[in-house]
Amino acid sequence: MELAEQEIALGEVTLRRFRGETDLPEFFRVIEESLEHLRPFMPWVAEHSLAKTTAFLAERPELWESGKDFTYAILLDGAIVGACGLFRREHTPENGREIGYWLHPAVTGRGIATRAARGLAEQAFRLPGVDYVEIVHDPANHASATVPARLGFTEYLRRPAEALAPAETGEEQVWRLDRP
């Protein structure tokens, strides 16, 4: 099985595979500082804790090695400013992957999420058998919608979804990019 690159250099932005306990203090601080920014659309924020963050990081190696989930720290000038991932959900066909991302509020609006998503899409198409990637978000999350639109993704569908975070509408907007 071919795995994703462990580090993707994108100019001043780098996507780097998480390093478990080594990244824990900095990553936890970035989450803590981002809670109010993330709360409207990220359901996991409601259960955020040091134990949950520790468990999240501890699970990454197995998921990486299985090829199911390549989760990266987003680094700006060497400091963690968010996280992103290239993954396949249980219901996702083998030939598809999904991209997710979030940033510390101090670095939003600078094209960092767009660069990260572009890097992940390029990485996805280097993996054997991947024909498309999707970005899924709540339609009320306008900031997340700008990323796939900038990258040439096409709105593929909207589907009902359980609203789990305070600002979620009960719908998911799915954007798709096919292998070039």
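Modeller: A polar contact is a pair of N or O atoms within 3.5 Å; within protein, one must be able to donate a hydrogen and the other to accept it. Keep in mind that this model is predicted.

Colleague: Which side chain does the side chain of Arg-176 join in a polar contact?

Modeller: Arg-176 sits in strand S8, residues 171–178. Its neighbours beyond four places in sequence include Tyr-132, Val-133, Phe-153 and Tyr-156. The polar contact spans 2.7 Å, and the partner is Glu-134.

Colleague: Is Arg-176 buried or exposed?

Modeller: Buried means under 20% relative accessible area. The value for Arg-176 is 17%, so the residue is buried.

Colleague: How far apart are the C-alpha atoms of Arg-176 and Pro-25?

Modeller: Arg-176 belongs to strand S8. Along the chain, 151 residues separate Arg-176 from Pro-25.

Colleague: Which residues have the most contacts inside the largest nonpolar core?

Modeller: This core has 34 residues. Strands S1, S2, S3, S4, S5 and S6 each give two or more residues, as do helices H3 and H4. The residues with the most contacts inside the core are Leu-15, Tyr-72, Ile-74, Ile-99 and Val-133.

Colleague: Which element gives the most to this core?

Modeller: Among the contributing elements are strand S3 (69–76), strand S5 (96–103) and helix H3 (112–126). The top contribution is eight residues, and it comes from H3.

Colleague: Which residues does Ile-99 touch, not counting residues up to four places away in sequence?

Modeller: Ile-99 is one of the residues with the most contacts inside the largest core. Its list is Gly-85, Leu-86, Phe-87, Ala-117, Leu-120, Ala-121, Val-133, Glu-134, Ile-135, Val-136 and Phe-153.

Colleague: How many residues are in the second, separate core?

Modeller: Val-30, Ile-31, Leu-35 and Ala-83 are included in it. The size of this second core is 15 residues.

Colleague: At what angle do helix H1 and helix H2 pack?

Modeller: H1 covers residues 24–38, and H2 covers residues 50–66. In H1, Leu-24, Phe-27, Phe-28 and Ile-31 meet Leu-50, Thr-53, Thr-54, Phe-56 and Leu-57 in H2. The axes are 10 Å apart, and the angle is about 125°.

Colleague: What does that make H1 relative to H2?

Modeller: Angles of 65 to 115 degrees count as roughly perpendicular, and those over 145 as roughly antiparallel. The angle here is about 125°. Therefore H1 is, relative to H2, oblique.

Colleague: Is the crossing of H1 and H2 left-handed or right-handed?

Modeller: The two axes lie 10 Å apart. The crossing of H1 and H2 is right-handed.

Colleague: How long is the polar contact between the side chains of Asp-23 and Arg-16?

Modeller: Asp-23 is placed in the loop between S2 and H1. At 4% relative accessibility, Asp-23 is buried. Beyond four places in sequence, its contacts are Arg-16, Arg-17, Phe-18, Leu-57 and Ile-80. The side chains of Asp-23 and Arg-16 are joined at 2.9 Å.

Colleague: What distance separates the C-alpha atoms of Asp-23 and Ile-80?

Modeller: Asp-23 and Ile-80 are in contact. They are 57 residues apart along the chain, yet their C-alpha atoms are separated by 8.6 Å.

Colleague: Which side chain makes a polar contact with the side chain of Arg-126?

Modeller: Arg-126 is in helix H3. With a relative accessible area of 46%, Arg-126 is partly exposed. Beyond four places in sequence, Arg-126 touches Glu-2 and Glu-5. The polar contact, at 3.4 Å, is with Glu-5.

Colleague: How far is the backbone nitrogen of Ser-144 from a polar atom of the side chain of Asn-141?

Modeller: Asn-141 lies in the loop between S6 and H4. The relative accessible area of Asn-141 is 13%, so this residue is buried. From its side-chain polar atom to the backbone nitrogen of Ser-144 is 3.1 Å.

Colleague: What is phi of Asp-77 near?

Modeller: Asp-77 lies in the loop between S3 and S4. Asp-77 is exposed, at 64% relative accessible area. Its phi is positive, in a residue other than glycine, and is near 50°.

Methods
Residues are numbered from 1 along each chain as its sequence is written. This is a predicted model: local features need pLDDT of at least 70, side-chain atom pairs count only at pLDDT 80 or more; totals for chains, interfaces and linings use all residues. Side-chain values use heavy atoms; hydrogens and water are left out. A nonpolar core is a set of buried Ala, Val, Leu, Ile, Met, Phe, Trp, Tyr and Cys residues joined through side-chain atoms within 4.5 Å. Buried means under 20% relative accessible area, exposed over 50%, partly exposed in between (1.4 Å probe, protein chains only). Helices (H or I, at least four residues) and strands (E, at least two) are DSSP runs, numbered from the N terminus. Contact means heavy atoms within 4.5 Å. Axes are lines fitted to C-alpha atoms, for helices over the stretch in contact, and angles run from 0 to 180 degrees between N-to-C directions. Angles under 35 degrees count as roughly parallel, over 145 as roughly antiparallel, 65 to 115 as roughly perpendicular and the rest as oblique. A crossing is left-handed if the near helix is turned anticlockwise from the far one by less than a right angle, and right-handed if clockwise.
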